[in-house]
Amino acid sequence: MSTTPVKVAVTGAAGQIGYSLLFRIASGDLLGKDTPVQLQLLEITPALKALEGVVMELDDCAFPTLAGVEIGDDANTVFDGANLALLVGARPRTKGMERGDLLEANGAIFTAQGKALNEVAADNIRIGVTGNPANTNALIAMTNAPDIPQERFTALTRLDHNRALSQLAAKTGSTVRDIKKLTIWGNHSATQYPDIFHAEVGGKNAAEVVGDQAWIENDFIPTVAKRGAAIIEARGSSSAASAASATIDAARDWLHGSPAGDWVSMAVRSDGSYGIPEGLIYSYPVVTKGGDWEIVQGLEIDDFSRGRMDATAAELVEERDAVTGLGLI
Ligand code: NAD
Ligand code: LMR
């Protein structure tokens, strides 16, 4: 086992996602069983007592990989020296609440956290945003952290990617292991575009294997895009264990590499690829390695896909304009 612990900061640590995420990280699911991890957990002051209880449970698990836990309500203290920051803490969407309503509520959080990361995080910091609206929260944090390279900020669309894998596997009678090169384009919202036209099922083109455009348009895409809302409707609160699992998948692949012969979906700063406005945090197919990512280039985009990709980009432009109007970026 290496001796220097990796410092992983998690915000919203006393929340629902935190209750799954922290135990997965502490047990080695993110960095491996040979890498000690130090958890640095941020919460708002009223939630610190509950967080103390979670830390007691972490202690009681006696995870060999867990080198230590620090908690606090001051971002400048908690992010100090962090190598990886998973920004989960935010106000979750509840029944009847539109995502736009979240922009203002969450903008202040990500402004302050971007500034704190800029000041005190380690030079190799990587930042993954799970808290909604994730893409625009990442944009706010990125804009408020001018000294951190912009490619270090990503937002989570891996949950959508995983949801799409499961839906496609069920439809095609395959397993998720058989499916490669699936893409979520755009925003982590109902406008996202889950794209199977470049995907493969057992090495064959997924759209051809499905052979049913109506299913793709009327079933697959809406099921994946509205899954978050369906879970809220069923559970009365937003997805938690699956969101934690996707947060782990995304960070692990970012740091350790996406699977050979495949790619993953991750919302990253657009460089204009595929005609998407530069500077948006937009979900693309990416190949990752050693904490870096590259957008997969050269995919053919037909008119159907173009329309969907542009629609979700337009929503992100609206969100960007809204937070610009609020003075957050
Ligand atoms: P939750 O309400 O259970 O927990 C959120 C926690 O964040 C709370 O404990 C709260 O005290 C804390 N918090 C609020 N403001 C904070 C701040 N300034 N600093 C630190 N902590 C703060 O919510 P949850 O179910 O854990 O979800 C967290 C977020 O993740 C929500 O925004 C939710 O919508 C989002 N989410 C995203 C995805 C995705 O795929 N991107 C999936 C599911 C949920
Ligand atoms: C999800 O996708 O499960 C969450 O983002 C729920 C939400 O707040 O939309």
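The structure is a predicted model in which local features need pLDDT of at least 70 and side-chain atom pairs count only at pLDDT 80 or more, whereas totals for chains, interfaces and linings use all residues. Residues are numbered from 1 along each chain as its sequence is written, chains are lettered from A and ligands numbered from 1 in the order in which they are written, and side-chain values use heavy atoms, with hydrogens and water left out.

The C-alpha trace spans about 50 × 45 × 40 Å along its principal axes. The secondary structure comprises 11 helices and 14 strands, defined as DSSP runs numbered from the N terminus (helices: H or I, at least four residues; strands: E, at least two).

Ligand 1 is surrounded by 26 residues, of which the closest are Q16, I17, E43, T130 and N132; a residue is counted if one of its heavy atoms lies within 4 Å of the molecule. Helix 1 (16-26) and helix 4 (99-120) each contribute at least two residues to this shell. By class, the shell holds 12 nonpolar, 11 polar and three charged residues, where Ala, Val, Leu, Ile, Met, Phe, Trp, Tyr, Cys and Pro count as nonpolar, Asp, Glu, Lys and Arg as charged, and the others, Gly among them, as polar. An oxygen atom of ligand 1 lies 2.9 Å from a polar backbone atom of I17. Nitrogen atoms of the ligand are also involved: one is 3.3 Å from a polar backbone atom of G12, and a nitrogen is 3.3 Å from an N or O atom in the side chain of Q113. The protein covers 87% of the 860 Å² of accessible area that ligand 1 has on its own, as computed by the Shrake-Rupley method with a 1.4 Å probe.

The unreviewed UniProt entry annotates H188 as "active site"; such annotations may be inferred rather than shown by experiment. H188 is located in the loop between strand 8 (183-185) and strand 9 (193-195) and is buried, with a relative accessible area of 15%. The side chain of H188 makes a polar contact (2.8 Å) with that of D160, a polar contact being a pair of N or O atoms within 3.5 Å, of which, within protein, one must be able to donate a hydrogen and the other to accept it, and residues adjacent in sequence count only if both atoms are side-chain atoms. D160 belongs to helix 6 (residues 158-172) and is likewise buried, at a relative accessible area of 0%.

Definitions and conventions: Buried means under 20% relative accessible area, exposed over 50%, partly exposed in between (1.4 Å probe, protein chains only).
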